[in-house]
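Open the model in your viewer and keep the selection panel at hand. The stops below come in order, each with something to select and something to look for.

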Amino acid sequence: MTIRVGVVGAGGRMGRSICAAVGADPALELVAAVDPGAVGADASGLKISGELKALADAGAEVVVDFTVAAASRVTVPWLAMHGMHAVVGTTGLSDADVDTFRAAFSGSNCFMTSNFAISAVLMMRFAELASPYFETAEIVELHHDGKADAPSGTAITTAKRMAAASGDWAPDRTQHEVLPGARGGVGPAGIRIHAVRLRGVQAHQEVIFGTAGQSLTIRQDSYDNSSYIPGILLACKRVGSVPGLTVGLDKYMDL
Ligand SMILES: NC(=O)c1ccc[n+]([C@@H]2O[C@H](COP(=O)([O-])OP(=O)(O)OC[C@H]3O[C@@H](n4cnc5c(N)ncnc54)[C@H](O)[C@@H]3O)[C@@H](O)[C@H]2O)c1
């Protein structure tokens, strides 16, 4: 039995790749593609619809959402209301949105993560493991200059997990920030996050730890959108069997 999958945001950069990957996976079947910005266009053999109703009409069991936060705030509760499982990759959603989604899913399940790249999931886990052994750490994330939000959801999640893994971070001793912002944004536990925006790069992150006489750098690189596909396909296959809302691909990787 294949899992019937719908894709919302099917006309976007990620959506197009997801439709192709779902169509090529023998365990999954692409049954609906929705995107009001690309109505009528081809998505791996299906015509893109502008209406969420197309998902219900096609009997989608799992729906993947890669759009914009404002659209997800409408789509995801709609999926819960219609008993479909949701796999949400859209970024820019707040903690309050996550709470709303958690409350909405009782009859079906929802999975969300700010980063579907398996190497990024491992990077965050390694950063968590390293945290208790260092007093100072900073995060440098690098993305293409078309990215709307800064810092990235991955950088914020990494800092949250590092803050939870150690309560022993040294305060910043900078006395005068000559250029405002030079020390980056202040994340959880005072961990500094620097967001670099460059044409030509995709999605990269370094977590740099320091203590007396030694440092550790953990670096992760996503070179193109194909880096997210294995994680998205894994989530499509697991979401139906893990009740309620799950946040973070590490939960499905049993890390
Ligand atoms: N979690 C991850 O690992 C990960 C990885 C890559 C991208 N993203 C996120 O995925 C999202 C999409 O990225 P992208 O590069 O494909 O962007 P994109 O701009 O190429 O595509 C977004 C698509 O969403 C569509 N859309 C807008 N409103 C819609 C609505 N109401 N209903 C249905 N479709 C709607 C647009 O028409 C567009 O085709 C962004 O939020 C991005 O940050 C997440």
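**Before you start**

This is a predicted model: local features need pLDDT of at least 70, side-chain atom pairs count only at pLDDT 80 or more, and totals for chains, interfaces and linings use all residues. Residues are numbered from 1 along each chain as its sequence is written, and side-chain values use heavy atoms, with hydrogens and water left out.

**Stop 1: the two domains**

Colour 3-112 together with 225-253; that is domain 1. The bounds come from an automatic or database domain assignment. Taken over C-alpha atoms, the centres of the two domains lie 29 Å apart. Domain 1 gives 11 residues to the contact and domain 2 gives 10. Contact here means heavy atoms within 4.5 Å.

**Stop 2: the interface**

The size of an interface is often given as the accessible area lost when the parts come together. Domain 1 and domain 2 bury about 760 Å² between them. Carbon and sulfur atoms carry 53% of that area. The figure is the accessible area (1.4 Å probe) that two parts lose on being put together, summed over both.

Now look for charges. The rule finds 2 salt bridges across the interface of domain 1 and domain 2. It asks for a side-chain nitrogen of Lys or Arg within 4 Å of a carboxyl oxygen of Asp or Glu.

The side of domain 1 that touches domain 2 has 4 nonpolar, 5 polar and 2 charged residues. Ala, Val, Leu, Ile, Met, Phe, Trp, Tyr, Cys and Pro count as nonpolar, Asp, Glu, Lys and Arg as charged, and the others, Gly among them, as polar.

**Stop 3: salt bridges**

Side chains of opposite charge can pair when their charged atoms come close. The structure holds 18 salt bridges. Visit these.

- Select Asp95 and Lys160. Their side chains form a salt bridge at 3.4 Å, N to O.
- Select Asp57 and Lys53. Their closest N and O atoms are 3.0 Å apart in a salt bridge. The two are separated by about one helical turn because they sit 4 residues apart in helix α2 (residues 53-57). Asp57 and Lys53 are exposed.
- Select Arg197 and Glu141. This salt bridge has its closest N and O atoms at 2.7 Å. It links distant parts of the chain, 56 residues apart: Arg197 is in strand β10 (residues 192-197), Glu141 in strand β8. Arg197 is partly exposed at 25% relative accessibility, and Glu141 is buried at 0%.
- Select Asp172 and Arg183. Their salt bridge spans 3.1 Å between the closest N and O atoms. Both lie in the loop between α6 and β9 (185-186), so the pair ties together parts 11 residues apart in sequence. Asp172 is partly exposed at 33%; Arg183 counts as buried at 18%.
- Select Arg125, Glu128, Arg161, Asp250 and Lys251. A network of salt bridges links them.

Two sets of cut-offs apply from here on. Buried means under 20% relative accessible area, exposed over 50%, and partly exposed in between (1.4 Å probe, protein chains only). Helices (H or I, at least four residues) and strands (E, at least two) are DSSP runs, numbered from the N terminus.

**Stop 4: Val62**

Go to strand β5 (residues 62-65) and pick Val62. Is Val62 buried or exposed? At 2% relative accessibility, Val62 is buried. Show its contacts, leaving out residues up to four places away in sequence: among them are Ile3, Val5, His85, Val87 and Cys236. Cys110 is 48 residues away along the chain, with 9.2 Å between the C-alpha atoms.

**Stop 5: Thr90**

Move to the loop between β6 (85-88) and α4 (95-104), where Thr90 lies. Thr90 is buried, at 7% relative accessibility. What does the side chain of Thr90 join in a polar contact of 2.5 Å? The partner is the side chain of Asp65. A polar atom of the Thr90 side chain also lies 2.8 Å from the backbone nitrogen of Thr67. Contacts of Thr90 beyond four places in sequence include Phe66, Val68, Ala69 and Ser72.

**Stop 6: Ala148**

Finish in the loop between β8 (136-143) and α6 (153-165), at Ala148. Ala148 is exposed, with a relative accessible area of 81%. Draw a C-alpha to C-alpha line from Ala148 to Ile229: 22 Å in space, 81 residues in sequence.

Technical notes
A polar contact is a pair of N or O atoms within 3.5 Å; within protein, one must be able to donate a hydrogen and the other to accept it, and residues adjacent in sequence count only if both atoms are side-chain atoms.
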